[in-house]
Amino acid sequence: MCEVNKVEVAMEVLCDIAMDDSRMLAERQRAIDALTLFRESLKTLEYISRKTDLDVLKQRAGLYIQRMRSGAHMSMSAV
């Protein structure tokens with residue numbers, strides 16, 4: 001499997017976790033956090049922000065979208 005496909009699969013899995021309403025809120029939040037590890041995740045975060053059922057997840061994804069668009073350095077340790 002080529003490297004690009006691995007990133008796409010990882011982002012898809014994290015998106016699925018974030019959108020899965022049977023999972024705990026903390027799991028869903030951490031999936032959104034983990035998406036920030038990928039430079040390519042902006043569209044995925046925008047999708048989550050539009051489609052999620054919880055305001056807290058919309059806000060979390062929206063914050064990351066705003067940071068990415070402004071060119072801020074993303075780091076899991078800053079969460």
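**Entry 1: Valine 56.** I began with valine 56, which is partly exposed at a relative accessible area of 33%; buried means under 20%, exposed over 50%, and partly exposed in between (1.4 Å probe, protein chains only). I placed valine 56 in helix H4, residues 55-69. Helices (H or I, at least four residues) and strands (E, at least two) are DSSP runs, numbered from the N terminus.

**Entry 2: Basis.** I noted that this is a predicted model, in which local features need pLDDT of at least 70 and side-chain atom pairs count only at pLDDT 80 or more, while totals for chains, interfaces and linings use all residues. Residues are numbered from 1 along each chain as its sequence is written, and side-chain values use heavy atoms, with hydrogens and water left out.

**Entry 3: Overall fold.** I found 4 helices and 0 strands in the protein, in the pattern α-α-α-α along the sequence. Of the 79 residues, 34% count as buried.

**Entry 4: Core.** Of its 18 residues, Leu14, Ile32, Leu35, Leu45 and Ile48 touch the most other members. Helices H1 (3-19), H2 (25-35), H3 (42-51) and H4 each give two or more residues to this core, and H1 supplies the largest share, 6 residues.

**Entry 5: Isoleucine 48.** I then listed the contacts (heavy atoms within 4.5 Å) of isoleucine 48. Neighbours within four places in sequence aside, isoleucine 48 is in contact with Cys15, Ala18, Met19, Ile32, Leu35 and Ala61.

Note on methods: A nonpolar core is a set of buried Ala, Val, Leu, Ile, Met, Phe, Trp, Tyr and Cys residues joined through side-chain atoms within 4.5 Å.
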